[in-house]
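The following note is intended for a colleague meeting this structure for the first time. Please read the numbered points alongside the sequence and the model.

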Amino acid sequence: MFMNEEEEEETVLIKLKTGEHIVVPKQCLIADSAKFREIFVILNFDEHEIDDFSPEAVEVFLTLLKTKVLDNLERNMFRELHKLAVVFEVEWLTDSCQAWLKQIMNTASTNEEKTFLFEECWYIVDRLKNEHMMDELRSIRSHTRTISH
C-alpha cells in the first residue's frame, strides 16, 4: 500500500486494532506530526499501535499523510480523521478537517445536516476541549437568522 519494493526508505509498523500491521515509510509519518516524531525519532520505536480508531480511518489517515490532500471526506469518517489529526498533531489535516466542517456549516439546510453539525461541534468541544468550532457554528447560525429576518 505504501511501499515500492525498489525503495529503501526506513519503515515503521503501524499496528491496527484488528492485529494487522501496515508498513509505512517513517518519513511519511514524522514529516507533519510532532507526536510521530516523538514516537519514532526521539523514543526510537519502530512500531506503534493505533487501536482507538477503526482500521479504515487509520488507513485513510496514513494515506492522507502521504498525499497531503483532503479531497472528498465522507461524513462517517470526519470524527475519526479529525481526532487522529488532533491526537497526532498534524496541523494541516486538523485545519483541513475544520475547513471541511465549516463548508458544511455554510450549506446545511436539512435537519440531518444540522444535527450532524451540532453533534460534531459538540464532540470537538466536549472531547477535544476546543470551543472554536462551536463558536463558528453559533456565528454562522446567528448570521443566517439575521439575514432571513
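**Note on the nonpolar core and the helix contacts**

1. The largest nonpolar core has 41 residues, of which Ile14, Leu29, Phe36, Phe61, Leu62 and Leu101 touch the most other members. A nonpolar core here is a set of buried Ala, Val, Leu, Ile, Met, Phe, Trp, Tyr and Cys residues joined through side-chain atoms within 4.5 Å; buried means under 20% relative accessible area, exposed over 50%, and partly exposed in between (1.4 Å probe, protein chains only). At least two residues of this core come from each of strand E1 (11-16), strand E2 (21-25), helix H1 (26-30), helix H2 (34-42), H3, H4, helix H5 (91-107) and helix H6 (111-126). Helices (H or I, at least four residues) and strands (E, at least two) are DSSP runs, numbered from the N terminus.

2. The model is predicted: local features need pLDDT of at least 70, side-chain atom pairs count only at pLDDT 80 or more, and totals for chains, interfaces and linings use all residues. Residues are numbered from 1 along each chain as its sequence is written, and side-chain values use heavy atoms, with hydrogens and water left out.

3. Helix H3 (residues 55-67) and helix H4 (residues 75-87) have axes that come within 10 Å and cross at roughly 55°. H3 is therefore oblique to H4, the class left after under 35 degrees (roughly parallel), over 145 (roughly antiparallel) and 65 to 115 (roughly perpendicular). Axes are lines fitted to C-alpha atoms, for helices over the stretch in contact, and angles run from 0 to 180 degrees between N-to-C directions.

4. Where H3 meets H4, Glu56, Ala57, Val58, Val60, Phe61 and Leu64 of H3 are in contact (heavy atoms within 4.5 Å) with Met77, Glu80, Leu81, Leu84 and Ala85 of H4. Not counting residues up to four places away in sequence, Phe61 touches Phe36, Leu81, Leu84, Ala85, Phe88, Val90 and Leu93.

5. Cys97 belongs to helix H5 and counts as buried because its relative accessibility is 0%. Leaving aside neighbours within four places in sequence, Cys97 contacts Leu70, Phe78, Leu81 and His82. The C-alpha atoms of Cys97 and Lys83 are separated by 9.5 Å, the two residues being 14 residues apart along the chain.

6. Two loop residues deserve a separate remark. Lys68, in the loop between H3 and H4, has a positive phi near 60° although it is a residue other than glycine. Glu89, in the loop between H4 and H5, is not a glycine either and has a positive phi of about 55°. Lys68 is partly exposed at 39% relative accessibility, and Glu89 is partly exposed with a relative accessible area of 39%.
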